[in-house]
Amino acid sequence: MNMDRERDLKKLFDDPRIPNVDLTGKVMNTLYAQPKEKERFFVKYKVALTAFVGMMLMASTGYAAVQYHSLNNKDGEVVYETKSTKDYGKTESKDEVERYKAFYELKDKVLKNGEAGLFYVAANNPNHQTDLGTKVTSFDNLTQLRDKITDKSVKIPDSVNGNYKFKQADVLFKNAQQVNPPSPEEQKALAEKLRKQAEASKKGYAMMPVEVTDQLFLLNVTYQNGEDKIGVDITNLSGKYSNPTTYIDENVQFKQEKVQVKGVEMLHTEFSFSQGRELKWVYESPDKKVKYVYTINGDMNKVSKETLMEIAEGYLE
């Protein structure tokens, strides 16, 4: 299995905004036409509206009917769901696809790691929309990473499963506009300002830097043993987010089941197309104001379901 490709399909990509486009249909065709290096943090986590966080969509051969599951907290409330893409319902326009593709390429080129910006792309933008993007901050020093994460309830162990040692981490911190979103009137004014700048510069776009805060949005940690890797993704869905939902195309070859670890419901999923497996659960604070989605993933030929469950136990202690 290509571990990096597997993870590229399952973690919130490096743009912690709530965009108005999804990654169905033509968008996926566009993504898979790009070089592999362009895939990192693009398909991984596409947050669309407030309906869901994360999408895994790939074309594949036919497969037996799949069953979609949900997770409940100790009060019986649904805190996470998987559904068919047929239930999503939104179809992106050609303009949306082309504008977002251009935005992503600009963000990748213009922003440095750890920076954020509000972009206005002139082409394919009849509704004069802006796109908010943030690039990851990378760490290869565990002490520096721990010091940077202000919420000390977020566990970042030295190793998992014994021999898998900390290798590297990519972090997305919330930007100022995500923490304190501008009003519709302010958004419109910013879009108009950037539109005029784009036209005056004749570059086809304009960008306004946005401050990055110290609030965690996404933490992606890689643990390595030789050539083998285990990934741990932690996504902060506290505050305005509703229950996260992953929409998976019915043609994707996967098997999913509910398991329990120390009384916590978890979803174990195997993806045949990538030979990857993952274990996912939701942590909620007692007052339910803090919510994190944890995902542990690895090669299904090298890491068993039982191993993932043992690793999860360490995060629950």
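Helix 7 buries Thr 307, Leu 308, Met 309, Ile 311, Ala 312 and Tyr 315. The helix covers residues 305-316. At 1.5 Å a residue, its 12 residues should span 16 Å, and the end C-alpha atoms lie 17 Å apart, which agrees. An α-helix has 3.6 residues a turn, so residues three or four places apart point the same way. Among the buried residues of helix 7 are Leu 308, Ile 311, Ala 312 and Tyr 315.

The model described here is predicted. The average pLDDT of the protein chain is 79. A score of at least 70 is reached by 78% of the residues. Over residues 1-64 the pLDDT is below 50. Beyond near neighbours in sequence, this stretch still has 222 contacts in the model. Where pLDDT is low, the predicted coordinates should not be read in detail.

The protein chain has 317 residues, and 51% of them count as buried. Its secondary structure comes to 7 helices and 18 strands. Contacts across the sequence were also counted. Of those with a separation of 6 or more, 73% join residues 24 or more positions apart. The chain exposes about 14,500 Å². Carbon and sulfur atoms supply 47% of that area.

An open sheet is formed by 3 strands in the order 7-6-11. The pairing is antiparallel. Strand 7 (130-134) and strand 11 (205-210) stand at the edges. Each has a single partner strand, so one side of each is left without a neighbour in the sheet. Neighbouring strands of this sheet are turned by 25° against each other on average, direction ignored. Strand 6, residues 116-121, is joined to strand 11 by 6 bridges. Within strand 11, Met 208 stands opposite Leu 118.

Ala 191 belongs to helix 6. Is Ala 191 buried or exposed? Its relative accessible area is 8%, under the 20% cut-off, so Ala 191 is buried. Leaving aside residues up to four places away in sequence, Ala 191 touches Tyr 120, His 128 and Thr 130. Tyr 120 is 71 residues away along the chain, yet the C-alpha atoms of Ala 191 and Tyr 120 are separated by 6.8 Å.

Strand 10 pairs with several other strands. This strand spans residues 164-175 and is mostly covered, with 9 of its 12 residues buried. Strand 8, residues 137-139, pairs with strand 10 in the antiparallel sense over 3 bridges. There, Phe 139 has Ala 169 as its bridge partner. Strand 9, residues 159-160, is joined to strand 10 by 2 bridges, and these two strands run antiparallel. Val 160 stands opposite Tyr 164. Strand 9 and strand 10 form a hairpin with 3 residues between them. In the turn, Asn 161 has a positive phi of about 55°. Strand 12, residues 212-225, pairs with strand 10 over 9 bridges, again in the antiparallel sense. Asp 170 has Asn 220 in strand 12 as its bridge partner. In a regular strand the side chains alternate between the two faces of the sheet.

Lys 262 has a phi near 50°, a positive value in a residue other than glycine. The loop that holds Lys 262 lies between strand 15 (254-261) and strand 16 (264-271). Lys 288 is not a glycine either, and its phi is positive at about 65°. Lys 288 is found in the loop between strand 17 (276-284) and strand 18 (291-299). How exposed is Lys 288? With 34% relative accessibility, Lys 288 counts as partly exposed.

Key
Residues numbered from 1 in each chain as written. Predicted model: local features only at pLDDT ≥ 70, side-chain atom pairs only at ≥ 80, totals over all residues. Heavy atoms only, no water. pLDDT = per-residue confidence, 0-100. Contact = heavy atoms within 4.5 Å. Pairing = 2+ DSSP bridges. Helix = DSSP H or I, 4+ residues; strand = E, 2+ residues; numbered from the N terminus. Axes fitted to C-alpha atoms, helices over the stretch in contact; angles between N-to-C directions. Buried < 20%, exposed > 50% of the residue type's maximum accessible area, 1.4 Å probe, protein only. Areas by Shrake-Rupley, 256 points an atom, 1.4 Å probe, with all protein chains shown as cover. Expected span 1.5 Å × (residues − 1).
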